[in-house]
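Please read them beside the sequence and the 3D view.

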Amino acid sequence: MLVGRDRELGELSAALASGRGALFLLADEPGIGKTRLATEACEVARDRSMRVAWGRCWEAGGAPAFWPWREAFDALGVAFPDARALTTGDPIETRFTLFREIAAALAREASRAPIVIVLEDLHAADHSSLLLLELIAGQLRTMPVIVIGTYRPLEASLRPECGDALARLGRTARVLPLAPLAAPEVAALVKDALDGADDALAASVFATTQGNPLFVDEIVRDLRARGRAAPSTIPLGVREIIRQRLGLVSAEARRALEAAAVLGVELDPAIVERMIAGAGALLDDARKSGLAIADGRRLRFTHALYREALYHDLARPQREALHRDAARALTAAGAPLVEIAHHLLEGGADVAAPAIDHAIRAAEQALDALAYEDALALLERARAALPDDDAPLRARVLLALGEARIRAGDAAGRTLCVDAAAIARELGDATLLARAALAYGAVLVMGAVDAVMVQLLEDALAALGGAETPLRARVMARLAAA
């Protein structure tokens, strides 16, 4: 029963009927009904023979670049363009070319039949996905594609790059902030769900929930389960409502749900099975309790708030241990490198070295996908995880950061290469010194001699000795050019 959203659904329905493209942003607090409204709009779209695709941002972290767009393209049966096929020299121009190819692929698909794409939880989107949305939003008026994005403003504001991108999108999108339900609308829901519910009970539910539809549903579910209760038995706080609901499952089922919460809002139950023996049956109990639902071969928490409550209630040692278990399970399952790196980085000091190694390799993959900001964010997380006494590992991270900044078109990355070279000299590591010198030398200014570059390359050549190796040949060639 969709209550209190007639105006918003009417606007979405009118846009679906217009045959023109548009961007809608549904924004407000958790549980306010953003996903429910988007779902209703998609039903209207299907009735009009429009194709529908969903892409969900990964709130738990560790998703590959462009993840929600890749999910949506997969749902449409469209190949996501491969960044590695692009060869233009300038990194910004190369990424713009990739974005245009993605937009062109979407336009070609929309010419077959109009499309609705729902991008959920944009407050958790990777930076590259938001940049792509900005470009596509500017072209929607020329293609029959409706994009509906959902996000939480508070969470978006905690990530400046995300908040800024959504603010820019808000200037071209139709933003639909969803207000809490009014008292009569809450009363209608309560009386529809509970036989014999009176005005006093409905008023008490409204006072407790302040019109948040998710919390209304939770209270109604609780009242239905134990018979109609006096208003005074309703919990006082909305967060307590969520925790009370989680308290209804067994301790064993909760342990499986906690492992699932570490993986995210949506997950593969087989990974939880690798983490906890017998988790499949326990997750079935969670589904029966309404805390999670099956979505094909995936499992999804009914609402992100359930996952958040479980995750944030974990003590730090327990949370870190579950992240380490998740990393092992995902490695055995052949999961994306960036997902494994995320869990290792959250796994505590005991796995700092493998976490940083995975992060560096995952950042290289992000750079290959032209997701520069995502690569840099991952490497900054690796730098924050560095042990104080591991100079070789620190040099690797600094060099990776320097190379990433240079590949992204930021010549300031050379400073990080100099820092890495200084550590390499102290360690007597000729190979690392040569790599740092070559990374610094990736930026060539024609008609000028960079004394720092020349010194780095000469030092590297001396450290490598006289053995004829491919690395020595590269240093010699770069020194000649310098």
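1. Start with strand E2, residues 51-56. Five of its six residues are buried, so E2 is largely enclosed by the rest of the structure. Buried means under 20% relative accessible area, exposed means over 50%, and partly exposed lies in between, with a 1.4 Å probe and protein chains only. Strands (E, at least two residues) and helices (H or I, at least four) are DSSP runs numbered from the N terminus.

2. A word on the source. This is a predicted model, in which local features need pLDDT of at least 70 and side-chain atom pairs count only at pLDDT 80 or more, while totals for chains, interfaces and linings use all residues. Residues are numbered from 1 along each chain as its sequence is written, and side-chain values use heavy atoms, with hydrogens and water left out.

3. Which strand pairs with E2 over six bridges? That is E3, residues 115-120, and the two run in the parallel sense. Two strands pair if DSSP finds at least two bridges between them. Trp-54 stands opposite Val-118 in E3.

4. Now the whole sheet. It is open, with five strands in the order E2-E3-E4-E1-E5 and parallel pairing. E2 and E5 (174-177) are the edge strands, each pairing on one side only. From one strand to the next, the twist averages 15 degrees. Angles run from 0 to 180 degrees between N-to-C directions, and axes are lines fitted to C-alpha atoms, for helices over the stretch in contact.

5. Further along the sheet, E1 (residues 22-27) and E4 (residues 145-151) run parallel and are joined by six bridges. Leu-23 has Val-147 in E4 as its bridge partner.

6. Two helices to find next. Helix H2 (residues 34-47) packs on the sheet and touches E1, E2, E3 and E4. Its direction makes about 160 degrees with that of E2. Helix H1 (residues 6-18) lies across E1, E3, E4 and E5, at about 155 degrees to E5. Contact means heavy atoms within 4.5 Å.

7. Check two backbone angles. Most residues other than glycine have a negative phi. Ser-49 has a positive phi, near 65 degrees. Ser-49 sits in the loop between H2 and E2 and counts as exposed, at 57% relative accessibility. Phe-66 also has a positive phi, near 65 degrees. Phe-66 lies in the loop between E2 and H3. Is Phe-66 buried or exposed? Phe-66 counts as buried, at 0% relative accessibility.

8. Pro-64 is in the loop between E2 and helix H3 (67-76). At 18% relative accessibility, Pro-64 counts as buried. Setting aside residues up to four places away in sequence, Pro-64 touches Trp-58, Asp-126, Pro-336 and Val-338. Ala-83 is 19 residues from Pro-64 along the chain, and their C-alpha atoms are separated by 14 Å.

9. Look at His-342, in helix H17 (residues 337-345). His-342 is buried, with a relative accessible area of 5%. Its contacts, leaving aside neighbours within four places in sequence, are Ala-60, Gly-61, Gly-62, His-323 and Arg-381.

10. Next, a helix pair. The axes of H19 (residues 372-384) and H20 (residues 391-407) come within 10 Å and cross at roughly 165 degrees. That makes H19 roughly antiparallel to H20, a label for angles over 145 degrees. Residues that meet at this contact include Leu-376 and Leu-379 in H19 and Leu-398 and Leu-401 in H20. By class, the contact has nine nonpolar, no polar and four charged residues. Ala, Val, Leu, Ile, Met, Phe, Trp, Tyr, Cys and Pro count as nonpolar, Asp, Glu, Lys and Arg as charged, and the others, Gly among them, as polar.

11. Val-418 belongs to helix H21 (residues 413-427). At 30% relative accessibility, Val-418 counts as partly exposed. Val-418 touches Tyr-440, Val-452 and Leu-456, not counting residues up to four places away in sequence. Val-418 and Ala-436 are 18 residues apart in sequence and 7.0 Å apart in space, C-alpha to C-alpha.

12. Finally, the chain overall. The protein chain has 24 helices and eight strands. Buried residues make up 52% of its 482 residues. The C-alpha atoms fill a box of roughly 90 × 50 × 35 Å, taken along the principal axes.

Technical notes
Parallel < 35°, antiparallel > 145°, perpendicular 65-115°, else oblique.
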